[in-house]
Amino acid sequence: MAALNPSPYIFFFIIILVSVLVPFSAPAEGEGNSVAEIKQNQGQDQPYVGVIIGTDVSNLLSPADLVSFLQLQKITHIRLYDADPDILKALAHSNIRVTVGIPNNQLIAIGSSNATAATWVGRNVVAYYPRTLITTISVGDEVLTTLPSTAPLLLPAMESLYSALVASKLDSLIKVSTPHSASMIRDPFPPSQAFFNTSMTNYLLPILQFLSKTQSPLMMNLYPYYVFMENKGVVPLDNSLFKPLMPTKEMVDPNTLLHYTNVLDAMIDSAYFSMKNLNVTDVVVLVAETGWPSKGDAEEEPYATVDNADTYNSNLIKHVLDHSGTPLHPEITSSVYIYELFNEDLRSPPAVSVVSEGNWGLFYGNATAVYPLHISGSGTFLANDTTNKTYCIAATDMLDDNRTLQAALDWACGPGRANCSEIQPGELCYQPNNVQNHASYAFDSYYQKEGKAASSCYFNGVATITTTDPSYADCVFPGSKNVSKNETEEAENSTQLSGASSVRAIASMRSILIKFKDNDLRVLYNLAISVVLFIPFVFT
């Protein structure tokens, strides 16, 4: 057996030790945090990407395992549809920010009684804060559009909850808002012509004034997927997926001449213009829900695919982390919550009629990734595939346009100087001998040669970027030639949960850790956790 060289393992050990010490170095239960420290911890100056945790999942992780999994995936913000006491308790000292929700069926009671609202805040917020970093109370969900009969009670509920926070001296630390459906906005494009449904203005305007007064965000549920599905042939798929566009493909607002390269930015700006029409200009938009399903009915939902879901969520995350802003407000980048963390398999047929309903998650219930995301520069955040494998192929909606495809193929293999030797007669990628297959190979060769620059995968609109390896049989596409199969599997698996045993081991040690009030003992347990994580590096 070769002698073990300890230097690389020590390096990994130090990294792991630091990563574990930081999140667990929190005050023990009962120790007070100063208001200044809490404000700093909960600072919302930087845009973030959070995830929504639905619980219609068979074999859902235990709360302790769930928190460990969130930390493993570098998730810092979550949104719950309720105020699950077990999850809130497990989140203590995790430094994970949480939005708690009040279900619609509790709205009448809270909106009708200040005492009920105060009791709710005491039981679901004060009881956990600041050990659990609750940042927002989300009151109901799309109440004005789904439960219009309850609309008169929405603002009273928000005001009562806010008053309870004031009484607990938490009003400057925890926001109160309510999520709205995108259908609240009429004529959303061009954004400059957008306005809120006038039938709801009597309820909505006072809510916006409340948000302005309390410096709380306007929560909007915005889904480019549904915009695309409802406007196929008008809204291009690439615009919905944040794919890079040629200037001629960008959406232009004729009134402002602002150029929109993606649907979500247009939806956000339509909310800003709608608020401006009501003379509200100091409320920030928070995207409370967005996402893309990875599976749907083949006939009814053909665009609900793993590739599209990966593309949308990967590009969404990059868009937010790049602080891209919107054309109207380039200085403001809205934070977003991705719907959702887990596939809610209990919401699949026959429980519901729509196949995609249970397939919006980034992970399955057993904590393995539905698909690895592809976000350059974001490390292992949310099962990101750090190999950053992308390919350029012929767009599926252009496969019938053989003339344009042939012209693009000729250019790629000629002036573009792509390596087209593998698609010559007798070579491994010659069959199937058709222009679509040959064009895909040539496009990918050119795309990889140009360093995977987004602009190098256009070819007059007949090409598209994909994260699915197009290689088949013995034909290996250029984007796959430098990554062996084993390396690919290792890279993808390393960003997923390394095994339920690892998560449970960390969760178990963490549960012991937070019971100790002596800081030195807590450090020892942190060290023990580091050793558990370090051992596999030595013996594998």
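Modeller: Let's start with the term: a disulfide is a pair of cysteine sulfur atoms within 2.5 Å. The structure is a predicted model, in which local features need pLDDT of at least 70 and side-chain atom pairs count only at pLDDT 80 or more, while totals for chains, interfaces and linings use all residues. Residues are numbered from 1 along each chain as its sequence is written, and side-chain values use heavy atoms, leaving out hydrogens and water.

Colleague: Thanks! How many disulfides does that rule give, and what pattern do they follow?

Modeller: The rule gives three. Counting bonded cysteines along the chain, the pattern is 1-5, 2-3, 4-6.

Colleague: What makes Cys 392 and Cys 457 a disulfide?

Modeller: Their sulfur atoms lie 2.1 Å apart, and the cut-off is within 2.5 Å, so the pair qualifies. The torsion about this S-S bond is 90°, and the link is right-handed. The pair joins distant parts of the chain, 65 residues apart: Cys 392 is in strand β14 (residues 391-394), and Cys 457 is in the loop between α15 (435-449) and β15 (463-466). Helices (H or I, at least four residues) and strands (E, at least two) are DSSP runs numbered from the N terminus. Cys 392 and Cys 457 are both buried.

Colleague: Why is the link of Cys 413 and Cys 420 called left-handed?

Modeller: The torsion about its S-S bond is about -95°, so this disulfide is left-handed. The S to S distance here is 2.0 Å.

Colleague: And is Cys 413 buried, partly exposed or exposed?

Modeller: Buried means under 20% relative accessible area, exposed means over 50%, and partly exposed is in between (1.4 Å probe, protein chains only). Cys 413 has 31% relative accessibility, so it counts as partly exposed.

Colleague: How do you know the handedness of the link between Cys 429 and Cys 475?

Modeller: Again from the torsion: about 105° around the S-S bond, so this disulfide is right-handed. The sulfur atoms of Cys 429 and Cys 475 are 1.9 Å apart. Here too distant parts of the chain are linked, 46 residues apart, with Cys 429 in the loop between α14 (402-413) and α15, and Cys 475 in the loop between β15 and α16 (485-494). Both of these cysteines are buried.

Colleague: One last stop: why does Ser 94 count as buried?

Modeller: Its relative accessibility is 4%, so Ser 94 counts as buried. Ser 94 sits in the loop between α4 (85-90) and β3 (97-102).
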